[in-house]
Amino acid sequence: MIATLNPHEAPFTTGLTPWAQTLPQHISPSAAKAYLGCSLKFYFERVACIRKATPVALHLGKAVHAALQSFHLARWRGGDDSVEAVANAYELAFHRLERDEGPVNFDDEAEREKARQDGLRVVAAYLDSPEAMKEKPRAVEVMLKENIPGLSVPLTGAMDLVEGNFTPVDFKSAAAKPDSANAAFDHEIQLVSYQLLMEAATGETPPSLDLVFLVKTKTPQVIRVKSPPADAHRKRRVVALLETAVQGIAEDRFHPQPAMHCSWCQFKNECKAWLPGMTVEDIHRKHAA
Ligand code: SF4
């Protein structure tokens, strides 16, 4: 049975007040991946909700996503799917996101203008590519919430696009050409979660789990990476990863996980101030001192 989330509901909330020792209300693949990547960064971002300037790549990715969404919705509903209409949706999203979710970490106006133009170019490249949706999609921006065996809370997920044959497609903005062999592995939690949601909601197994990369190289590229549907082993592995995140959040296990990703982490100062048992108020106080 499909359970659709209210579109205004946050894509993920932990359901925790800090240190409440209760289960989150649901888990999404993006929340699980963020938690497993660095649980302390997850805490700063999603539990303590410490605001930082939006990274340029994230801002651009969201504006490109909004443009593609407008194109796919137009294909679905028979609306205006012209290049001009999609470019307009991109410009509107670029400005709206800056106003509502900014500030964006632009160094100066020149960097902002370059980012805006880069986004327009990748959107145009997608519309001009063989990957641009020609048929009517089965669904666009579908949000599902399902109980999955082995998970102690419902699984949620928002699929960018579902093709007529039930293939879920997720769009990624990228600075460099992806390594196809690793891309599906890197996004395993998300892709297999979509399959689990699709199977629970419709009883259908997708023939393929697809990623479409929009690469912001000088000449933008559009690259589809297909991966076969997960077998029982892959599904069990992903459910175990999702449940590890659920249990870690429920038990307030948040600690630094230093690795290469620290180079671009925005919470380095808060992280340096961290000691076991500290509250976020302690961290703010220590950081301000
Ligand atoms: S600096 Fe590294 S260890 Fe610390 S919160 Fe950020 S990602 Fe985690």
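This is a predicted model: local features need pLDDT of at least 70, side-chain atom pairs count only at pLDDT 80 or more; totals for chains, interfaces and linings use all residues.
Q: Which domains does the assignment give for the protein?
A: Two entries. Domain 1 covers 29-49 + 137-250. Domain 2 covers 56-127.

Q: How far apart are the centres of domain 1 and domain 2?
A: 22 Å, taken over C-alpha atoms.

Q: And how many residues does each domain put into the contact?
A: Domain 1 gives 15 residues, and domain 2 gives 15 residues.

Q: What area is buried between domain 1 and domain 2?
A: About 1300 Å². Carbon and sulfur atoms give 75% of that area.

Q: Which residues in domain 1 lose the most area to domain 2?
A: V140, L214 and K216. Together they make up 35% of what the domain 1 side buries.

Q: Switching to helices. At what angle do α1 and α7 pack?
A: About 150°, with the axes 9 Å apart. Helix α1 is residues 29-37, and helix α7 is residues 188-202. Angles over 145 degrees count as roughly antiparallel, so α1 is roughly antiparallel to α7.

Q: Is the crossing of α1 and α7 left-handed or right-handed?
A: The α1 and α7 crossing is right-handed.

Q: Which residues make that contact between α1 and α7?
A: From α1, P29, K33 and L36. From α7, I189, Q190, S193 and Y194. By class, the contact of α1 with α7 has four nonpolar residues, two polar and one charged.

Q: What about α1 against α2, how do the axes cross?
A: At roughly 130°, and the axes come within 5 Å. Helix α2 is residues 39-47. That angle makes α1 oblique to α2.

Q: Which residues of α1 and α2 meet?
A: S30, A31, A34, Y35 and G37 in α1 meet S39, F42 and R46 in α2. The classes there are four nonpolar, three polar and one charged.

Q: Back to α7. At what angle does α7 pack with α8?
A: About 105°, and the axes are 10 Å apart. Helix α8 is residues 232-250. The range 65 to 115 degrees counts as roughly perpendicular, so α7 and α8 are roughly perpendicular to each other.

Q: Which residues of α7 and α8 meet?
A: On the α7 side, E188, I189, V192, S193, Q195, L196 and E199. On the α8 side, R234, K235, R237, V238, V239, L241 and L242.

Q: How many of those in the contact of α7 with α8 are charged?
A: Five are charged. Another seven are nonpolar and two are polar.

Q: New topic: E91. Where is the place of E91?
A: In helix α4, residues 83-101.

Q: Which residues does E91 touch, not counting residues up to four places away in sequence?
A: E91 touches R116 and L120.

Q: And what separates the C-alpha atoms of E91 and A250?
A: 40 Å. E91 and A250 are 159 residues apart along the chain.

Technical notes. Residues are numbered from 1 along each chain as its sequence is written. Side-chain values use heavy atoms; hydrogens and water are left out. Axes are lines fitted to C-alpha atoms, for helices over the stretch in contact, and angles run from 0 to 180 degrees between N-to-C directions. Helices (H or I, at least four residues) and strands (E, at least two) are DSSP runs, numbered from the N terminus. Angles under 35 degrees count as roughly parallel, over 145 as roughly antiparallel, 65 to 115 as roughly perpendicular and the rest as oblique. A crossing is left-handed if the near helix is turned anticlockwise from the far one by less than a right angle, and right-handed if clockwise. Contact means heavy atoms within 4.5 Å. Ala, Val, Leu, Ile, Met, Phe, Trp, Tyr, Cys and Pro count as nonpolar, Asp, Glu, Lys and Arg as charged, and the others, Gly among them, as polar. Domain bounds come from an automatic or database domain assignment. Buried area is the accessible area (1.4 Å probe) that two parts lose on being put together, summed over both.
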